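Here's a quick briefing to read alongside the model. Have the viewer open and follow the topics in order.

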Amino acid sequence: MDNRPALLVPSRRAPEALPRSTGTRGQPFSRPPVTDAEAKGPKAHSSEVHQAPDLAVPLRAGPLRLVFDRGALRWIRLGEREVLRGIYVAVREAGWATVPAALEDLEMEVEPDSFRLRFLARHRRGDVVFDWEGRVEGGSDGRIAFSMDGRAGSTFLRNRIGICVLHPAAECAGRACIVETTDGDRIEQRFPALVSPHQPFRSVRAILHQVAPGVEAEVRMEGETFETEDQRNWSDASFKTYGTPLHLPFPVPIAEGTRVRQSVAVSLFGVTAEPVRSAAATVPGALPKRRNSAEPVVVSVDTTARLSLPAVGLGGAGLVALSDAEAALLRPLGPDHLRADLHLEGAGWESALDHAAANASRLGTRLELAVFLPADPRAALRDLAARVTALGTEVASWLLFRAEDGVTDDALVVRSREALAAVCPSALFGGGSDAHFAELNRSRPPARSLDLLVFSVNPQVHAFDDATLVENIATLRWTAETARTFSGGARLAVSPVTLRPRVDRRPASSRAPGEPPFTDDPRQPTAFAAAWTLGTLASAAEAGVASLTFFELAGPRGVMEGGTPYPILHALADVAALPDAVALPVRPRRPERVQALALRSGPRVRVFLANVTPETHPVRLDGVTGSLVRSPIGGPAGGEEAGPEVELGPHEVVRLDGAADGAADGAA
């Protein structure tokens, strides 16, 4: 008997619709479901960094596997096919800052194929006092229900409070779905293949999509009007369905005593043993069948293909004056350029330019000048041209933005070319967005006048744990593909690339005295940051990005501090040590455990392997034959001999040097 819900029978057809199908409505799960915690646009972020989860409990709901992680559900999977990336409750104050929750009174009833959880989540920061009771149930039939029942304990400004559901981009992008609206219409849709600048689905009550051949999953939301956004705009590898549509005003006051009740239910239709086996066999990158499995992570390298390695530069050149010792540490990186931000709408930019020019001279490189211009830029451009000419510094590129909003328009580029083209005739003119890809995707400046199309990247717009940062490495392929549809042939540059946003947007009331700004990530000086950097470089090479500008020269957002190099510096120096290197396509079987970058220079191959977890993992390297030499990043030439199977300790990053096509090993 076909028990698929009537949601499968669309009442209206959207563009690119799929064929109609028929069926009878399945009963929605009676219990309320899901919660979430997330944000939008140029948002702010929690001051807390979540590394290894304080509490991560593997659970089963019949054929589904998932993890309960600090009040949220993560990685809901059928076999290895990801059904949902997550369900959680978000409390967002003014400025889109996330107010994290502390969990209390957790009760768990866990069976081999079902579970029942209850807990209390308390959000406290500044003016915000909000508590909610969470109830989560998973049944042996594959149904999951998540509900939140909350109450404001104070009056405060909020941008959002409620449930968020994450749909994995890798499984959903370009795939057909059926959206049930709040007025009962059922519309055939598709999750966008290219990054959608605006919400693809509005007034959402439920979404159904195919998980595996013959198996559909329905997500049904109650308690609010929901809509779906494309989070790839903010470097997240997911789509998000959330409550309180963004066309409504925000921030708005929520009065003390206000109740917020929402729920989400997940149901599967058409599950039999065969689709589960099929799903388990076809999708890489999932949680392992056993968390502590000794099965090696397979990393496949294609030594026959060639990918251009992006030009790599460093940011923050106008913020510091490098000492002799610091310059000596940076020279092995051979940066293609140094970025300096010049805010010509105000005072002080001359000093930043002077610092940047001196630092570039010490490192024997050029400048990438991000120029922020006032409404009438003519006088400022004349002053800039005169000062750069007087300094005699070489400019690799001018990145041109309006000071008011950090985006580019055609008139700005025309006037800048007139004023600056003769200063450095070889310099490229770039523009787009100094902020997220979202701003570039929505503004889409006329690219005919640009040599470079630019946007910035940071992986912590919506969540801050290690796993999310690693997941978001994959997003560059979608943003690059989308940008090329309106680039007009301009090359793509990502500048800057940072671990965290460069502006702390939390309200003053939410900042503790003496607390460092959210812009400073405690993971910056760790091996995890080096692993993330190498993974990002590999992702950018596969996406065809021409240029990357990482971090800052020095300081808490840099590659060193106080003359002490961070692992990031060692990793980038080891990349630069291979002259005229190209990247090779590389595929970790489990990228949530191990990231990789593979390079070739003549007959030499260098593979970086990075364990992004706090657990030891065996790794098997496929595609590179012959003997290998294993060294830690930043280690001297030589090292120890290694075979194709190696073991990586917690957060260990190594390089493996060998030869391609049987050539003799000439590792640096």
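Helices (H or I, at least four residues) and strands (E, at least two) are DSSP runs, numbered from the N terminus. This is a predicted model, in which local features need pLDDT of at least 70 and side-chain atom pairs count only at pLDDT 80 or more, while totals for chains, interfaces and linings use all residues. Residues are numbered from 1 along each chain as its sequence is written, and side-chain values use heavy atoms, with hydrogens and water left out.

**Overall picture**

- The protein has 11 helices and 38 strands.
- Of its 668 residues, 58% count as buried; buried means under 20% relative accessible area, exposed over 50%, and partly exposed in between (1.4 Å probe, protein chains only).
- Take the contacts (heavy atoms within 4.5 Å) with a separation of 6 or more: 70% of them are between residues 24 or more positions apart.
- Leu208, in strand β13 (residues 201–212), is buried, with a relative accessible area of 3%.
- From Leu208 to Ile178 there are 30 residues in sequence, and the C-alpha to C-alpha distance is 5.2 Å.

- Two packed helices are described by the angle between their axes and the distance between the axes.
- Axes here are lines fitted to C-alpha atoms, for helices over the stretch in contact, and angles run from 0 to 180 degrees between N-to-C directions.
- The axes of α10 and α11 (residues 567–576) come within 7 Å and cross at roughly 35°, and this crossing is right-handed.
- On the α10 side, the contact uses Ala527, Ala529, Ala530, Thr533, Leu534 and Leu537; α11 brings Pro567, Ile568, Ala571, Leu572 and Val575.
- By class, that contact has 10 nonpolar, 1 polar and no charged residues; Ala, Val, Leu, Ile, Met, Phe, Trp, Tyr, Cys and Pro count as nonpolar, Asp, Glu, Lys and Arg as charged, and the others, Gly among them, as polar.
- Why is α11 largely enclosed by the rest of the structure? Because 8 of its 10 residues are buried.
- Those buried α11 residues are Pro567, Ile568, Leu569, Ala571, Leu572, Ala573, Asp574 and Val575.

**Helix α5 against α6**

- Helix α5 (residues 378–391) packs on helix α6 (residues 410–420) at an angle of about 35°, with the axes 9 Å apart.
- The α5–α6 crossing is right-handed.
- Arg378, Leu381, Leu384 and Ala385 of α5 meet Arg415, Ser416, Ala419 and Leu420 of α6.
- This contact splits into 5 nonpolar, 1 polar and 2 charged residues.

**Cavities**

- A cavity, on a 1 Å grid over the protein atoms alone, is a set of points where a 1.4 Å probe fits but cannot get out, and lining residues have an atom within 4 Å of a point.
- Of the 16 residues lining the largest cavity, Ser235, Val457, Asn472, Thr475 and Leu476 are the closest to its centre.
- Elements giving two or more residues to this lining are β25 (452–457), α9 (476–484) and α10 (527–543), and β25 has the largest share, with 3 residues.
- The lining consists of 8 nonpolar, 7 polar and 1 charged residues.

- Most residues other than glycine have a negative phi, and most peptide bonds are trans.
- Phe250 and Pro251 are joined by a cis peptide bond, with omega about -5°; Pro251 sits in the loop between β16 (238–243) and β17 (252–254).
- Ser495 to Pro496 is cis too, with omega near -10°, and Pro496 is in strand β26 (residues 491–497).
- Asp580 isn't a glycine, yet has a positive phi of about 55°; Asp580 lies in the loop between α11 and β30 (582–584) and is exposed, at 76% relative accessible area.
- His651, also not a glycine, has a positive phi of about 55°; His651 is in the loop between β37 (645–648) and β38 (653–659) and counts as partly exposed at 24% relative accessibility.

Note on methods: On a 1 Å grid over the protein atoms alone, a cavity is a set of points where a 1.4 Å probe fits but cannot get out, and a pocket is an open set with protein on both sides within 12 Å along at least five of seven lines; lining residues have an atom within 4 Å of a point. A crossing is left-handed if the near helix is turned anticlockwise from the far one by less than a right angle, and right-handed if clockwise.
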